[in-house]
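Here are my notes on this entry, in numbered points. Please read them with the structure open.

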Amino acid sequence: MALRVALLCSLFGLLLGQGEKHTAVDDCCKNGQKHANDNNDCASLPLISSSMTCRIAQEQCCVSVLEDNMCSTGINVAKDQGVCDSLLAGTCETKTTKTCCDCCLLGKEAQELNIPCDHNLSVGYQCSLVSRACCMDGASDNQTAALGQSELPNQDGSAGVAVGVDPCKGKCDHVCVGIDSCACMKGYKLKPDGRSCEDINECLLGSSNCRGGERCINTEGSFRCMREVSCGTGYELTENNDCKDIDECETGIHNCGEQFTCQNTQGSFRCTPKNTCGSGFIQDALGSCIDINECVSQSSPCHRGQICVNTVGSYICQRNSVNCGRGYHLNEEGTRCVDIDECKGAEQVCSGHACINQLGSYRCECETGYNFNSINRLCEDINECRHYPGRLCGHKCDNTPGSYKCSCTTGFQLARDGRNCDDVNECESNPCSQECANVYGSYQCYCRRGYQLNDIDAMSCEDIDECALPTGGHICSYRCHNTPGSFHCSCPANGYTLAVNGRSCQDVDECVTGRHTCTENESCFNIQGGYRCLSFDCPNNYRRVGQTTPTLERSDTVRCIKSCQPNDIACILDPTLSVAHTFFSLPTLREFTRPEEIVFLRTTVPAYGSYHLGTYDVKFEILEGNIENAFDIIKRVENGVYVGVVRLLKPLTGPRETVLKLSMRNLTTQGESGQSIINVHIFVSEFWF
């Protein structure tokens, strides 16, 4: 069967190059194998492709799986039953099963008769493989090792592949018994896929040998028996599932004391005392002998008119005598009871208070601050602080024997009346390093401006370093200097001056104050922290519009327009109509969150305008000077005309100077009608305030 599949795969490889694109042959074969495993039938295969090659692969791979499954069934019947009579060979399917069963019996018989498993009977190639596998499955370890080095013959009888090579190519979970034919070990059965093995549940099938009162528990490849009812306390389960008494005395797990002897019983044990007690005693749990109180344990052990008196190990009976109550005693004759004068006794019954005798008792006349207790008959101190809470003292009340006293909390002192409290002015003793404010019951230290109170002693004042505070970076625009109780700000040495508020730095406009060194032919342009002397000459064939001014503002522009000589064709054809210079002072931006618009190139070209030959348009470009790609230029419409906007995309650190060369070209449907060059001189300063 494996040879047939190999030939088919070779044929499919040749057919794959023909015709249109087909489903992969491997996918067609896998579909057929899956259908065989799921439905156990190949008569109604669903076509997954219109290709003839795919259909053949489906059918042959499906039939191959069915034949392998039927052969495995026959092998299992031969191993389990030892006969194949139950298998009928009336159809093609059952014929394959019976053939594999008969061939397996042939191999088992050869093994029992000690005939070599590699016999040369002409029973066919597949039957020879099944016979040899069943023969080797029952052979001893030595015989199996010897057979592992032998070779199986091919169908033509010539020497072939060694038996040690797995003909199933590792597809079997347990044992390979032939080409693509698998078998399972004891306690397992073959799954429908013909390769995997699953555990046999002997408990479910009733094939276990558990006895009555035992429960079968299935395990992987086997089973075990367990008693349904536990043995109970004092017993243990043996290997034979029987209950055996535990000898606690022998194993030493009893709790008998040193005075007892352990005696084993069925399921338990008993502690027997080593020593016995005499008459009148009883033995306790620790083995000690304890006297029996016969006067309590026995009912009326003595006669009427007698009282029972317990003794060690026995008791005695005495004649009943006169019993006087509390506060009385027998007279000297012993005939009657008389009152006891407790006030004249040696014992001070009232503890320093006045004592008054009464029949059978006495009472005490207690002093102020005490109260007589009729139960224990003593004078007890009255806790005035508890009886009159909040009414005796202004702050705290402390009880004393027979009285009380008042006290005050911290920050107060007792008034002259001995009950109320007056506030103490702690500031009189100057406890604070700067300022002190007396408050009710305490005081509060505070500091002058520029100082803060010490967190530890809450009395001394410390200088506040305003420059080191979280907002210190915003107190001064340039540099902050801390001083005791205050601070001051400073500015860079050149180009700036401190503002009136004492914190901000203002740029000095050298061009206005006349502190520059520019000549008459140069124009002064103020920048942050300095100035620049600028001089511009127009290129050849260009003339300047306007006069040179001594001072240039940010919005000023030096403009040169084209002025060609007669018959100068090159000049006339030059598309550049004008060259302009404008100026921009840019700070070093510390906080940069979005693009900054810095230059606006305004045109007179109407947006989306048209004329008799076509339409207008303007194109803006950056030609040179875009350092670090920090700039870009966009076009937008404002007030109906095109405007070019130069944007700063990321911060530039100064000081530095750069010239951004821009191009503004006018476009029409007929082509380019001219351009203007704008040179933007950008001065990046180091500071910005």
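1. Which residue in β36 stands opposite Cys524? Cys533 does. Keep in mind throughout that this is a predicted model.

2. The strands around this cysteine pair deserve a look. Strand β35 covers residues 523–527 and pairs with β36 in the antiparallel sense, over five bridges. Both belong to an open sheet of three strands, ordered β36-β35-β38, and the pairing in the sheet is mixed. β36 (530–534) and β38 (551–552) are the edge strands; each has a single partner strand, so one side of each lacks a neighbour in the sheet.

3. Arg532 pairs with Glu657, with the closest N and O atoms 2.2 Å apart.

4. A second salt bridge joins the side chains of Glu597 and Arg636, at 2.9 Å from N to O. It too links distant parts of the chain, with Glu597 in strand β41 (residues 596–606) and Arg636 in strand β44 (residues 631–638), 39 residues apart. Glu597 is partly exposed at 35%. Arg636 is partly exposed as well, at 26% relative accessibility. Shared partners join Glu597, Arg602, Arg636 and Glu638 into one network of salt bridges.

5. The whole structure holds 14 salt bridges. Among them is Glu198 with Lys189, where the closest N and O atoms are 3.9 Å apart. The cut-off for a salt bridge is within 4 Å, so this pair qualifies. Glu198 is partly exposed, with a relative accessible area of 30%. Lys189 is partly exposed too, at 44%.

6. Now the nonpolar surface. Ile569, Ile572 and Leu573 make a nonpolar patch of about 330 Å². Ile569 sits in helix α13, which spans residues 569–573. Its relative accessibility is 51%, and exposed means over 50%, so Ile569 counts as exposed.

7. Last, the annotation. UniProt lists residues 28–62 as "domain: Anaphylatoxin-like", in an unreviewed entry. In the model, residues 28–62 are 66% helix and 0% strand. The C-alpha atoms at the ends of this stretch are 10 Å apart.

Key:
Residues are numbered from 1 along each chain as its sequence is written. This is a predicted model: local features need pLDDT of at least 70, side-chain atom pairs count only at pLDDT 80 or more; totals for chains, interfaces and linings use all residues. Side-chain values use heavy atoms; hydrogens and water are left out. Two strands pair if DSSP finds at least two bridges between them. Helices (H or I, at least four residues) and strands (E, at least two) are DSSP runs, numbered from the N terminus. Patches are made of residues with over 30% relative accessible area and no salt bridge: like charges are joined within 9 Å, nonpolar side chains (Val, Leu, Ile, Met, Phe, Trp, Tyr) within 5 Å. Accessible areas come from the Shrake-Rupley method with a 1.4 Å probe; for residues, only the protein chains shown count as cover. Buried means under 20% relative accessible area, exposed over 50%, partly exposed in between (1.4 Å probe, protein chains only). UniProt positions are given in the numbering used here, feature names are shortened, and annotations may be inferred rather than shown by experiment.
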